[in-house]
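User: I would like to go through this model with you. Could you bring it up first?

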Amino acid sequence: MSDPFEDDSRDYLALINEEEQYSLWPRDIDVPAGWRVVYGPAPRDEVLDHIDRSWTDMRPKSLRDAMSANDSVPA
């Protein structure tokens, strides 16, 4: 049996969670709770390209927000 996340013959989705983290997901597998589809279905390489273009900051949203809040606090 082949790995469903590595099969170039199937279509995929790009998912995102509340922390704005992305995931490549096989189209024919149910989207897990806490994730939503933001791109696809499309070929694997196309979805990976979308994720590469979109996910420019690997830090979770909560960390980015906390760091931004700390930056705005006067010293």
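User: How many residues lie between S1 and S2 in their hairpin?

Analyst: The hairpin of S1 and S2 has four residues between its strands, and Glu20 in that turn shows a positive phi of about 60 degrees. Helices (H or I, at least four residues) and strands (E, at least two) are DSSP runs, numbered from the N terminus. This is a predicted model, so local features need pLDDT of at least 70, side-chain atom pairs count only at pLDDT 80 or more, and totals for chains, interfaces and linings use all residues. Residues are numbered from 1 along each chain as its sequence is written, and side-chain values use heavy atoms, with hydrogens and water left out.

User: Which peptide bond is cis?

Analyst: The bond from Gly40 to Pro41 is cis, with omega near 10 degrees. Pro41 belongs to strand S3 (residues 35-43).

User: Turning to the sheet, what is the strand order?

Analyst: The order is S2-S1-S3, in an open sheet of three strands with antiparallel pairing. S2 and S3 are the edge strands, each pairing on one side only. On average, neighbouring strands of this sheet are turned by 30 degrees against each other, direction ignored. Here axes are lines fitted to C-alpha atoms, for helices over the stretch in contact, and angles run from 0 to 180 degrees between N-to-C directions.

User: How many bridges join S1 and S2?

Analyst: S1 and S2 pair in the antiparallel sense over five bridges; two strands pair if DSSP finds at least two bridges between them. Ala14 has Leu24 as its bridge partner in S2, and Tyr12 stands opposite Pro26 in S2.

User: How many residues of S2 are buried?

Analyst: Five of the five residues in S2 are buried, so the strand is mostly covered. Tyr22, Leu24 and Pro26 point one way from S2, while Ser23 and Trp25 point the other way.

User: Which residues make up the largest nonpolar core?

Analyst: Eight residues make up that core: Tyr12, Ala14, Ile16, Tyr22, Leu24, Ala42, Val47 and Ile51. A nonpolar core is a set of buried Ala, Val, Leu, Ile, Met, Phe, Trp, Tyr and Cys residues joined through side-chain atoms within 4.5 Å. S1, S2 and helix H1 (44-54) each supply at least two residues of this core, and S1 gives the most, with three.

User: Pick Ala14 from that list. Is it buried or exposed, and what is it in contact with?

Analyst: Ala14, in strand S1, is buried because its relative accessible area is 0%. Leaving aside neighbours within four places in sequence, Ala14 is in contact (heavy atoms within 4.5 Å) with Ser23, Arg36, Val37, Val38, Tyr39, Val47, His50 and Ile51. Ala14 and Val31 are 17 residues apart in sequence and 10 Å apart in space, C-alpha to C-alpha.

User: And the helix: which residues of H1 are buried, and why are they on the same side?

Analyst: The buried residues of H1 are Arg44, Val47, His50 and Ile51. They share the same side of H1 because they cover an arc of only 125 degrees around the axis, the arc being that of the directions from the helix axis to the C-beta atoms. What covers them includes S1, S2 and S3. The face turned away from the buried side carries the exposed residues Asp45, Asp52 and Arg53. H1 lies across S1, S2 and S3, running at about 135 degrees to S3.

User: Why does Arg44 count as buried, and which backbone oxygen does its side chain reach?

Analyst: Arg44 counts as buried because its relative accessibility is 13%. The side chain of Arg44 reaches the backbone oxygen of Phe5 at 2.9 Å. Beyond neighbours within four places in sequence, Arg44 is in contact with Phe5, Glu6, Asp7, Asp8, Arg10, Tyr12 and Leu24.

Key
Buried < 20%, exposed > 50% of the residue type's maximum accessible area, 1.4 Å probe, protein only. Polar contact = N/O pair within 3.5 Å; in protein donor to acceptor, adjacent residues only side chain to side chain.
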